[in-house]
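Subject: The structure we talked about

Hi,

Here is the structure I promised to hand over. Have a look at it first, then read my notes below.

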Amino acid sequence: MRQYKPRGVQGYTIPELLVIVVILGILSSITLTSWSYFVANQAVRQANEAVFMAMRSAQSQARTSKERWQASFREEDEQAFWAVHSVTVHPDDAQWIALSSAVRYDEDNSTLRRVQGARRVVFDRRNHVMGQLGRITIVHRDSSELRRCTFVSTLLGTLRQTRNEWCER
C-alpha cells in the first residue's frame, strides 16, 4: 500500500493575483472609455437623424397638402425639441417632440433662421425651401467635439448630413 504524501499547496501567489487585478483594471478602463464614446456618438447620431427626418417630413407634408409646412427646432430648460407643422400653426401650438437629454443644439454653429423663438425651415408645395438656407447643429452635452449637423443646401430643398469639423462656422 502506498502512503499518501501531501504535495505543496498549488495555486496563485499574491503577486500573481495582483498582476491579474491590475491587468483587468486597465482593460476595463479602456473598455469603459470606448463604450462611453460609442454611447455618446450614438445619441448624437440618433438626434441628428431625427432632425433630418423632421425636415423630410415637413417636405412630404408640404407636397401632400399643397401648402407650406415647416420643421421647427428649439431648446427649453436645456432640452432640445423639434416639431413639424403647417406654417398656419404658431410654433407654441405645435406638437413638440423631445430629443435625447444627452444632446443639445449648438446655437453658435446653427444657421437656420430663428422666428418666434424657434429655428425653422419652411418648404412649399414643390418641396422648395422658402427663405434662408442653413444648418442645425447637434452636439453632445458632455463632449462638444461630438457634433453632427443637417444642412438645407439648395433652394430646391436638398438636405444633407455631415459631422464634426464640417459643422463649424
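Strands (E, at least two residues) and helices (H or I, at least four) are DSSP runs, numbered from the N terminus. This is a predicted model, so local features need pLDDT of at least 70 and side-chain atom pairs count only at pLDDT 80 or more, while totals for chains, interfaces and linings use all residues. Residues are numbered from 1 along each chain as its sequence is written, and side-chain values use heavy atoms, with hydrogens and water left out.

Let's start with strand S1, residues 69–76. Strand S1 pairs with strand S2 (residues 79–86) in the antiparallel sense, over eight bridges. One of the bridge partners to look up is Ala80 in S2, which goes with Glu75. The S1–S2 hairpin has two residues between its strands, and Asp77 there takes a positive phi near 50°. S1 also pairs with strand S6 (residues 118–123), again antiparallel, over five bridges; Gln70 stands opposite Val122 of S6.

Is S1 mostly buried or exposed? Buried means under 20% relative accessible area, exposed means over 50%, and partly exposed is in between (1.4 Å probe, protein chains only). Six of the eight residues of S1 are buried, so the strand is largely enclosed by the rest of the structure.

Now the salt bridges: a side-chain nitrogen of Lys or Arg within 4 Å of a carboxyl oxygen of Asp or Glu. The whole structure has six of them. In one, the side chains of Arg74 and Asp92 meet at 3.2 Å, N to O. Arg74 is in S1 and Asp92 is in the loop between S2 and strand S3 (97–98), so this pair ties together parts that are 18 residues apart in sequence. Arg74 is buried at 12% relative accessible area, whereas Asp92 is exposed at 51%.

Another salt bridge joins Asp106 and Arg147, with the closest N and O atoms 2.3 Å apart. This pair links distant parts of the chain, 41 residues apart: Asp106 sits in the loop between S4 and strand S5 (114–115), and Arg147 in strand S8 (residues 147–152). Asp106 is buried at 7%, and Arg147 is buried at 11%.

Arg126 and Asp124 form a salt bridge too, their closest N and O atoms being 3.5 Å apart. Arg126 is partly exposed at 48%, but Asp124 is buried at 9%.

Next, find Tyr105 in strand S4 (residues 103–105). Leaving out residues up to four places away in sequence, its contacts (heavy atoms within 4.5 Å) include Val51, Phe73, Trp82 and Ile138. A polar atom of the Tyr105 side chain lies 2.7 Å from the backbone oxygen of Phe81. Tyr105 and Asn48 are 57 residues apart in sequence, yet their C-alpha atoms are 9.9 Å apart in space.

Thr162 is buried at 17%. Beyond its neighbours within four places in sequence, Thr162 is in contact with residues including Asn48, Arg148 and Cys167.

Finally, which residue is in the segment before helix H1 (14–65)? That's Tyr12, and Tyr12 is exposed at 63%.

Cheers

Methods: Two strands pair if DSSP finds at least two bridges between them. A polar contact is a pair of N or O atoms within 3.5 Å; within protein, one must be able to donate a hydrogen and the other to accept it, and residues adjacent in sequence count only if both atoms are side-chain atoms.
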